[in-house]
Amino acid sequence: MSLQVVTANRLDDGLVVFLTADGGWSENIDQSRIADGKEAGDALLAEASVPELDTVIVGPYLIEVEQQDGGLIPTKYREVLRTKGPSVRQDLGYQAE
Amino acid sequence: MYRYDDFDRQLVLERTEQFREQVKRRLSGDITEDQFRPLRLMNGVYLQLHAYMLRVAVPYGTLRADQLRQLGYIARRYDKGYGHFTTRQNIQYNWPKLAEIPDALLDLAKVEMHAIQTSGNCIRNTTTDQYAGAAADEIEDPRPYCELIRQWSTFHPEFTYLPRKFKIAVTGSPNDRAAVKVHDIGLRMHQNDAGEVGFEVIVGGGLGRTPFVGKTVRDFIGKNDLFSYLEAILRVYNRFGRRDNKYKARIKILVHEIGVEEMQRLVEEEWAQIKDGSLRVDDAEIVHYIEQFAPPAFETLSDDDAEFERRKAENREFSNWVRSNVIAHKQPGYAIANVSLKPIGGIPGDATDTQMELVADLSEQYSFGDVRVTHEQNLVLPHVKKADLFSLWAELKNANLATANLGYVTDIISCPGLDYCALATARSIPLSQRISERFSDLDRQHDIGELKIKISGCINACGHHHVGHIGILGLDKRGKEFYQITLGGDASENAEIGKIAGAGFSEAEVVDAIESLVTKYLGIRETGERFIDTYRRVGMDPFKEVLYGDR
């Protein structure tokens, strides 16, 4: 079954965030709550799409991830870039921290 | 250069305050993202891959020194110390915080700049020749007309919700450096048989998923009638352009579907109704705008400067820079100096805050405080005394701004691609960097001569790949980046859309593929032929063969 997490951009600064186990939003994908399979994914996305979160985040959606070396890696390169920052500016984004 | 009048100033300030309130309401939850999105887009604010992006208009690519200095300040104060100059002669900031954008816009307004109509289905920033007012081959400075277009199109109530975005480009020179044939409307200045200067009107060009070279709807429109004629075209488009399908909504599709004769008939019919109305601009008003762009106080100089010639003879690096980056000026003793934003292995179009401030300072020292942004993502100091070129070059060199590669294979147009853009399907910057490094040897670049490589990271073609002599389109093939090569494109007055060479290449293969094309060209070119000339002579087959062999 495919593993999924919910990602979005934070409203005030636009940065990439992930839905966490306690219902908050983290800049670190490893703190994401993981959904296994389609139904669990849909439920997770529904939770992230409630109107109350409209003042916290923008555009939540599901991404597929794999567990590797104790961390989570998105399966699509586009999403890998979102967890790190521009590949051409390693001094910027989360990868720089 | 044009200075805001009280009306312009008030308009921009009111808009900035309006947006500040909209941001406040969005952050406090009074309006939803769905309600806010069209409002932020109308103010140039996108949400990209990593953060918000603010696109600031540089009207017709012309900047005063104080404006460029402020762009540098904004890069430092509200962003991460750099900006990206785009193929639309604009600048984009990649990391602004939403809550701070109203302050950034206010700082822009202080130097008569804004982000209005840099997004949305409206008339966007009008682009033109970066050498306007300086080029030796120019008929007339196109910027007074660009400024009039800016005023006509800004907040035009009828054209705020067009079927799709709308881009106008103007050239005042027969050598088209503004790619006017691949814009929604292209205006080419020329003289008619009576000796009057006016415009050929080209409609329905464009790139994107359905590229077209524009078609001429009128050979000549006089200056007084230009604005009513533009209004007539926009009205026809607004009425008949398709709103049922986003991908068929640009005017190029309308022109293609109804044909240029029918388009012509509709426009002329509409124009007949309005041509004697309030949009007819009289000679006195045109003169008023021409005066705003009056040439700076040039000194009377000999065109030959002994010191300049001596420096060239003595310093190979300087003479190489002059060879590629310095262009003939219409005023004797002056030259146009191009500032390359394409250092070998660098990010095309990126400039740091301090580089922007330095170029602003240098423009005051050497170029009457006048700077241009080119659609090929470089900067220009348009009015430099030949006697000052060496000092200018030395200062640019210290800031890594003197790469001698204008028009060469390493002067690559590249969109931000998947490294920044939410729409992209593949990265384009790393590819441009690798090509730049592969061809870094300057003697080899000289040998290859003019070669325009343009890279887009998705089918929307912001990197103009369709009109690259060699175009590269990055796509996603089952989760992997791969790159399609097109050949024979041309953005000049001989505009052509390139043809797809064949199957795409992986990220690992594509630089070798480009090199094999260049090697083939060097092997078969005739004396004096550029890559594009050889391609036109021999066609696709010899190049296809080196790419695919018997495949």
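Which residue just after α13(B) takes a positive phi, and of about how many degrees?

Tutor: The model is a predicted one, and what follows should be read with that in mind. The residue that you ask about is B:N400, which comes just after α13(B) and takes a positive phi of about 60 degrees.

In α13(B), the buried residues are B:L389, B:F390, B:L392, B:W393 and B:L396. Viewed down the helix axis, they fall within an arc of 160 degrees, so the buried residues line one face of α13(B). Among the elements of chain B that cover these residues are the helices α10, α11 and α12 (353-366), together with the strands β11 (326-328), β12 (334-339) and β15 (379-385).

Chain B is divided into domain 1 (6-109), domain 2 (142-292), domain 3 (306-398) and domain 4 (413-548). Between the centres of domain 2 and domain 3 of chain B, taken over C-alpha atoms, the separation is 33 Å. An unreviewed UniProt entry lists residues 119-273 and 410-547 of chain B under "domain: Nitrite/sulphite reductase 4Fe-4S". Over residues 119-273 the chain is 31% helix and 18% strand, with the end C-alpha atoms 31 Å apart; over residues 410-547 the figures are 34% helix and 19% strand, with the end C-alpha atoms 21 Å apart.

In α4(B), which runs over residues 101-109, B:I101, B:A104, B:L105, B:L108 and B:A109 are buried. They cover an arc of only 145 degrees around the axis, which puts them on the same side of α4(B). These buried residues pack against α1 (6-28), β1 (45-47), β2 (52-56) and α3 (65-78) of chain B.

Taken as a whole, chain B has 18 helices and 21 strands. Its radius of gyration is 23 Å, close to the 24 Å that the globule rule gives for 551 residues, so chain B is as compact as a globular protein of that length. The C-alpha atoms fill a box of roughly 60 × 60 × 60 Å along the principal axes, and 55% of the 551 residues count as buried. Among contacts in chain B between residues at least 6 apart in sequence, 67% join residues at least 24 apart.

Finally, there is the partner chain, where 21 residues of chain A are in contact with 22 residues of chain B. On the chain A side, helix α2 (residues 77-84) gives the largest share, four residues, and the residues of that side divide into nine nonpolar, six polar and six charged.

Definitions and conventions
Residues numbered from 1 in each chain as written. Chains lettered and ligands numbered in written order. Predicted model: local features only at pLDDT ≥ 70, side-chain atom pairs only at ≥ 80, totals over all residues. Contact = placed C-beta atoms within 7 Å. Helix = DSSP H or I, 4+ residues; strand = E, 2+ residues; numbered from the N terminus. Nonpolar A, V, L, I, M, F, W, Y, C, P; charged D, E, K, R; others polar. Buried ≥ 20, exposed ≤ 12 C-beta atoms within 10 Å, placed from the backbone. Arc of directions from axis to C-beta. UniProt positions renumbered as here; feature names shortened; annotations may be inferred. Domains from an automatic or database assignment. Rg over C-alpha atoms; globule rule 2.2 N^0.38 Å.
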